Amino acid sequence: NKCQSKSKIEVITSGYNCYDLYIENIMDEQLIKKILNVKDIELNIYINKNIASKQIELLGIDEYTEVDSAEECIRDININSAGYCSSIFSNSGEVANRFLKLVKTKNVFVNASPTVERSLDIDENDLLYTKGVMFSNS
């Protein structure tokens with residue numbers, strides 16, 4: 001906006017501060033609320049249809065696109081995105097991996113949104129979701 005307002009000619013700008021947020025399931029309600037309340041960013045919010053409307057109300061989301069699956073969300077992002085940043089909140093590693101591989105944006109994150117970290121007063125650990133994996137060779 002700053003470049004466009006100060007320029008004397010039309011300029012093309014990237015999608016900086018515009019990003020896509022896909023919520024497949026709500027794992028960290030407080031972090032999602034913090035992200036939703038950041039000022040001066042444009043969010044394209046996609047929510048899986050299986051999330052209860054009561055949960056959506058608790059998050060305070062008014063405008064969003066309801067999708068049937070991660071694949072539908074990926075398709076919509078690849079068609080409509082500004083191409084700067086996309087983030088998925090999911091507890092499924094398989095879904096998260098497909099999102100990471102297939103979404104066509106410059107920055108892609110799972111259960112985090114580092115592009116707004118500088119605007120939030122949160123601990124770096126709030127942006128991380130750790131998972132231990134153990135298996136037997138037998």
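1. Start at the β4–β5 pairing. In this predicted model, β4 and strand β5 (residues 107–110) run parallel and share four bridges. Ser-87 has Phe-109 as its bridge partner in β5. Between the two strands the chain passes through helix α5 (residues 93–102), and this β-α-β crossover is right-handed.

2. β4 also pairs with strand β1 (residues 18–23). That pairing is parallel too, over five bridges. Here Leu-21 is the residue opposite Ser-87.

3. How many of the five residues of strand β4 are buried? Five of the five, across residues 85–89, so the strand is largely enclosed by the rest of the structure. Side chains in a regular strand alternate between the two faces of the sheet. In β4, Cys-85, Ser-87 and Phe-89 point one way, Ser-86 and Ile-88 point the other way, and all are buried.

4. The largest nonpolar core holds 18 residues. Leu-21, Leu-36 and Ile-61 have the most contacts inside this core. β1, α2 (29–36), β2 (42–48), α3 (53–59) and β4 each supply at least two of its residues. The largest share, four residues, comes from α2.

5. Leu-36 deserves a look. Neighbours within four places in sequence aside, Leu-36 contacts Leu-21, Leu-43, Ile-45, Leu-59 and Ile-61. Two of these partners, Leu-21 and Ile-61, are named with Leu-36 as having the most contacts inside the largest core.

6. A second core is separate. This core has 11 residues, including Tyr-22, Cys-73, Val-95 and Phe-99.

7. On the cysteines: Cys-73 counts as buried because its relative accessibility is 0%. A disulfide is a covalent bond between the sulfur atoms of two cysteines. The whole structure contains zero disulfides.

8. Now the overall layout. The protein chain has five helices and five strands. Along the sequence they follow the pattern α-β-α-β-α-β-α-β-α-β.

9. Of the 138 residues in the protein chain, 35% are buried. Among contacts between residues at least 6 apart in sequence, 59% join residues at least 24 apart. The exposed surface comes to about 9200 Å², with carbon and sulfur atoms supplying 46% of it.

Technical notes
Residues numbered from 1 in each chain as written. Predicted model: local features only at pLDDT ≥ 70, side-chain atom pairs only at ≥ 80, totals over all residues. Heavy atoms only, no water. Buried < 20%, exposed > 50% of the residue type's maximum accessible area, 1.4 Å probe, protein only. Pairing = 2+ DSSP bridges. Right-handed = clockwise from strand over helix to strand, strands pointing away. Contact = heavy atoms within 4.5 Å. Areas by Shrake-Rupley, 256 points an atom, 1.4 Å probe, with all protein chains shown as cover. Disulfide = S-S within 2.5 Å. Core = buried A, V, L, I, M, F, W, Y, C linked by side-chain atoms within 4.5 Å.
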